[in-house]
Amino acid sequence: MAGNLDHALAAMRAIAPPLDPKKHKGQAGKIAVIGGCREYTGAPYFSAISALKMGADLSHVFCTNGAATVIKSYSPELIVHPIFVESHELADESQESQQATKNKTLREIDRWISGFSCLVIGPGLGRDPLLLDCVSEIIRKARAKEIPMVLDGDGLFLVTSEPELISGYALATLTPNINEHKRLAQKIKGAEHEVQTDKIPDELKSLASQLGGVTILQKGFTDYMSDGTSVLACDFYGSPRRCGGQGDILSGTVAVFTSWARQCKGSSDMEKLSRNPCMLGALAGSVLVRRAAQDAFTRHRRSTVTGNIIECLQAR
C-alpha cells in the first residue's frame with residue numbers, strides 16, 4: 001500500500017467505536033441508501049447490507065415501489081421504504097398531480113433524514129427524471145443538515161449533470177471509476193480537458209479542489225482519494241475477479257467509516273493520514289473491501305461473486 005498500511009489499519013481501529021453493552025441501538029451508525037428501481041435492486045441491497053456487516057446498527061433503503069418488495073425479500077435485516085414514484089407511473093397525471101407526488105415523497109424523507117449518520121446516494125437509482133429531481137432535493141436537505149453523503153453510480157451521473165449540488169460541501173464523497181472521473185472532469189474543467197491517466201493523483205487533487213473540497217475516491221488498480229488538499233492511495237491487492245457490485249460494497253463501507261470518523265476524537269495514526277473524516281472513511285473502505293475481496297477469491301477463485309465478498313467483510 002502506498003504510504004503506511006500499519007498506520008491505516010491502526011487508524012481504522014481507532015475510528016471503529018468499541019462494542020459497549022451500555023450503548024443503545026443506532027449509536028454505531030444509521031445508514032440510508034437512496035437507490036433502487038425496477039431494473040436495479042441488487043446494488044442498493046449490496047450497499048445497505050455491507051453497511052450492516054461493517055458494523056452500522058441500522059441500514060435503510062429508500063427506493064421505488066417496484067423495487068421495494070424485491071429488496072425486502074433479499075434480507076429481513078434492512079428497513080425498506082417504497083417512497084419513490086417513477087415518471088411512467090404518472091404519465092397521465094397533470095403537472096399539479098406530479099408536483100403533489102414529489103412533495104409527498106419529500107415529506108416522507110423529512111420524517112427520517114435528521115436521524116441518519118450518512119447517506120449513500122445512487123446505487124441502483126436509475127435515471128428517471130422525476131426520481132432524479134426528488135434526489136436533488138434530498139441532497140440539498142442533507143447538505144443543509146450537514147449529513148455526510150457518499151455518491152456512487154447514478155448519484156455520480158446526477159452530480160456530474162448538476163455539480164452545484166455538492167460543490168463546496170466538505171462532507172460529500174464521490175466514488176467514480178476512471179470513466180466517471182473523466183466525465184466529471186470534463187464537466188468542471190471543460191469538454192476539451194483530457195485526464196492524464198499517468199498523473200491521476202495530481203488530476204484528482206485538482207478536481208477535488210475545483211469542487212470546493214469534496215472528497216473523491218477514484219477506484220482502479222490503485223485507489224486514489226483526495227479532498228483537494230492531500231492525496232492518499234491504496235494499492236493493497238484485492239482480487240482479479242471483477243464481478244459487478246463491488247463498488248456498492250465500497251459505498252456502504254465508506255459511509256460507515258465516514259460516520260465513525262466524524263465522531264472519533266482522533267489518534268496519532270489518524271493525524272498521520274488526514275483530519276478529514278471523509279478521507280479517512282474513503283481509505284478505510286478501500287482497504288477493507290480489498291481485503292474482503294482477497295479473502296473471498298482465496299476461497300472461491302473464479303467463482304467469486306459479490307455475496308462471497310460481503311461474507312468476508314468485517315471491521316477488524
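User: In this predicted model, what joins strand E7 to strand E8, and which way do the two run?

Analyst: Strand E7, residues 215-218, and strand E8, residues 223-226, are joined by three bridges and run antiparallel. Since strands count as paired when at least two bridges are found between them, three bridges are enough for E7 and E8 to be called a pair. Within this pairing, isoleucine 216 has serine 226 of E8 standing opposite.

User: Which sheet do these strands belong to, and what makes E3 and E9 its edge strands?

Analyst: E7 and E8 are members of an open sheet of nine strands, whose order is E3-E2-E1-E4-E5-E6-E7-E8-E9 and whose pairing is mixed. Strand E3 (79-84) and strand E9 (231-234) are its edge strands, as each of them pairs on one side only. On average, and with direction ignored, neighbouring strands of this sheet are turned by 20° against each other.

User: How do you know that strand E1 pairs with E2?

Analyst: Between strand E1, residues 30-34, and E2 there are five bridges, in the parallel sense, and pairing asks for at least two, so E1 and E2 count as paired. In this pair lysine 30 stands opposite leucine 58 of E2.

User: What makes E2 a mostly covered strand, and which helix lies across it?

Analyst: Seven of the seven residues of E2 are buried, where buried stands for a relative accessible area under 20%. Helix H3, residues 65-74, lies across E2 (58-64) and E3, and runs at about 145° to E2.

User: How do you know that the count of disulfides comes to zero?

Analyst: A disulfide needs two cysteine sulfur atoms within 2.5 Å, and by this rule the count is zero. For cysteine 63, the closest cysteine sulfur belongs to cysteine 37 and is 9.5 Å away, which is too far for a bond. For cysteine 243, the closest one is in cysteine 312, at 12 Å, again too far for a bond.

User: Are cysteine 63 and cysteine 243 buried or exposed?

Analyst: Buried is a matter of a relative accessible area under 20%. Cysteine 63 has 0% relative accessibility and therefore counts as buried, and cysteine 243, at 11%, counts as buried too.

User: Why is histidine 300 called partly exposed?

Analyst: Histidine 300, which lies in helix H11 (residues 277-300), has a relative accessibility of 30%. This value falls between the 20% limit for buried and the 50% limit for exposed, so histidine 300 counts as partly exposed. Setting aside neighbours within four places in sequence, histidine 300 is in contact with Asn308 and Glu311.

User: What makes phenylalanine 297 buried, and which residues does it touch?

Analyst: Phenylalanine 297, found in helix H11, has a relative accessible area of 16%, and because buried means under 20%, phenylalanine 297 is classed as buried. Not counting residues up to four places away in sequence, phenylalanine 297 touches Ser239, Pro240, Arg241, Arg302 and Thr304.

Definitions and conventions:
Residues are numbered from 1 along each chain as its sequence is written. This is a predicted model: local features need pLDDT of at least 70, side-chain atom pairs count only at pLDDT 80 or more; totals for chains, interfaces and linings use all residues. Side-chain values use heavy atoms; hydrogens and water are left out. Buried means under 20% relative accessible area, exposed over 50%, partly exposed in between (1.4 Å probe, protein chains only). Helices (H or I, at least four residues) and strands (E, at least two) are DSSP runs, numbered from the N terminus. Axes are lines fitted to C-alpha atoms, for helices over the stretch in contact, and angles run from 0 to 180 degrees between N-to-C directions. Contact means heavy atoms within 4.5 Å.
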